Amino acid sequence: QIHFMLTNPVYAGRQRFNFAENKTKRRKPEDEVVYSDAPAIIEPDLFERVQNTLKSRNPRVVSPRVVTGPILLTGLAVCATCGGGMTLRTGTSRSGKVHRYYTCSTQARMGKAVCKGRSIRMDKLDSLVTSHLTERLLTPDRLYDLLSTLADRRDEKASAADERIAALEKEAADTDERLRRLYRLVEDGFAAMDEPLKERIAGLQEARDRAKAALERARSGAKSIFRISPHLIKRFAETMRNNLRNDETNFRKSYIGAIVDRIEVDDREVRILGRKDLLEEAVIASSAARAPVRSFIRGGSPYKSKT
């Protein structure tokens, strides 16, 4: 019951319908769920922060060892041939020095007949990925280019919200003015407070209250439309670059996981793939001085980078 309350969007102003099947109670796909406005009792931003926290800590979505393990790219690095995860393998050189490698887990478990596999020095791949992210992805210009499409969509939503708020404000003001005129007619003796007039006033009062309630919901929804400024992008880029240079593996791992979906290791190149909406989410999270967290939801607008 507590989990249901924490994940129910009605508290943030979004009533959902057609959420689950009647008999089995099995949840339906998101594209079949219908939403409508409802009075919000918590800020939408707070609700989203709760959802992100729940998803980032869900052991059914991501293994705890992937989140807390000491290997930087566990859960992100995959073999480009078979898609299997790259796992730790150690080797000893002639001098007796132990080296650590990322190795295709499919080849290690099932042999080269299933996947030819590949291995890469762990320190080399870690360095390639972190340097590429800090020097080529996490720059203000590159981030602005990646997020510009999403920013345009946000601006369109914000513009539509502003237009709806203006229309509702006019509707509420017009209804108030019509009520004042009726009251004035009664006070000046030009109209009697008979039953038809009472019904007319009651109807206008009800219309005014509906308009004001809708206006309050529209204003609450408009607050959740966050506009990302160039200054915020620049600050996020600087903060992330500093964080990725930190020596603490788990700390760096959490920040890489916030913006990278997977890292494909091929014979001649490494491809870093992610989603623009996750990147945008991380930028927005940084505005509230909190660490970005991974949502682990597939789909959305992708970005790709090679090294």
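Which residue of β8 stands opposite E264? Select both strands to find out. R271 is the residue of β8 that faces E264. Before moving on, note that this is a predicted model, in which local features need pLDDT of at least 70, side-chain atom pairs count only at pLDDT 80 or more, and totals for chains, interfaces and linings use all residues. Residues are numbered from 1 along each chain as its sequence is written, and side-chain values use heavy atoms, with hydrogens and water left out.

**Stop 1**

Strand β7 covers residues 262–265 and pairs with β8 in the antiparallel sense, over four bridges. Two strands count as paired if DSSP finds at least two bridges between them. A strand here is a DSSP run of E with at least two residues, a helix is a run of H or I with at least four, and numbering starts from the N terminus.

Now select residues 270–275, which form β8. Six of its six residues are buried. Buried means under 20% relative accessible area, exposed means over 50%, and partly exposed lies in between (1.4 Å probe, protein chains only). Look at each face in turn. V270, I272 and G274 are buried on one side. R271, L273 and R275 are buried on the other.

**Stop 1: the β4-β5-β6 sheet**

Next, select β4, β5 and β6. These three strands form an open antiparallel sheet, in the order β4-β5-β6. The edges are β4 (86–92) and β6 (119–121), each pairing on one side only. From one strand to the next, the twist averages 35°. Axes for such angles are lines fitted to C-alpha atoms, for helices over the stretch in contact, and angles run from 0 to 180 degrees between N-to-C directions.

Take the pairings one at a time. β4 and β5 (residues 98–104) are antiparallel over seven bridges. T92 sits opposite V98 of β5. In the hairpin of β4 and β5, five residues lie between the strands, and G96 there takes a positive phi near 95°. β5 and β6 are antiparallel too, over three bridges. Y101 stands opposite R121 of β6.

**Stop 2: T90**

Zoom in on T90, in strand β4. Is T90 buried, exposed or partly exposed? T90 counts as partly exposed, because its relative accessibility is 48%. R100 in β5 stands opposite T90. Beyond its neighbours within four places in sequence, T90 is in contact with V98, H99 and R100. Contact means heavy atoms within 4.5 Å. Draw a C-alpha to C-alpha distance from T90 to Y101: 6.0 Å in space, for 11 residues in sequence.

**Stop 3**

C79 is in none, and its nearest cysteine sulfur, that of C115, is 3.8 Å away. C79 is buried, at 1% relative accessible area. C82 is in no disulfide either; the nearest cysteine sulfur belongs to C104, 3.6 Å away. C82 is partly exposed, at 35% relative accessibility.

**Stop 4: N243**

Select helix α8 (residues 230–244) and pick out N243. N243 counts as buried because its relative accessible area is 12%. Setting aside neighbours within four places in sequence, N243 is in contact with F251, R252 and Y255.

**Stop 5: the whole chain**

Zoom out and color by pLDDT, the predictor's confidence in each residue, from 0 to 100. The chain averages 78, and 82% of the residues score at least 70. Select 62–68: pLDDT is below 50 here, and the stretch has 12 contacts in the model beyond near neighbours in sequence. Then select 290–300, where pLDDT stays under 50 and the model has 38 contacts beyond four places in sequence.

The protein chain holds 10 helices and nine strands. Of its 307 residues, 37% are buried.

How values were computed
Disulfide = S-S within 2.5 Å.
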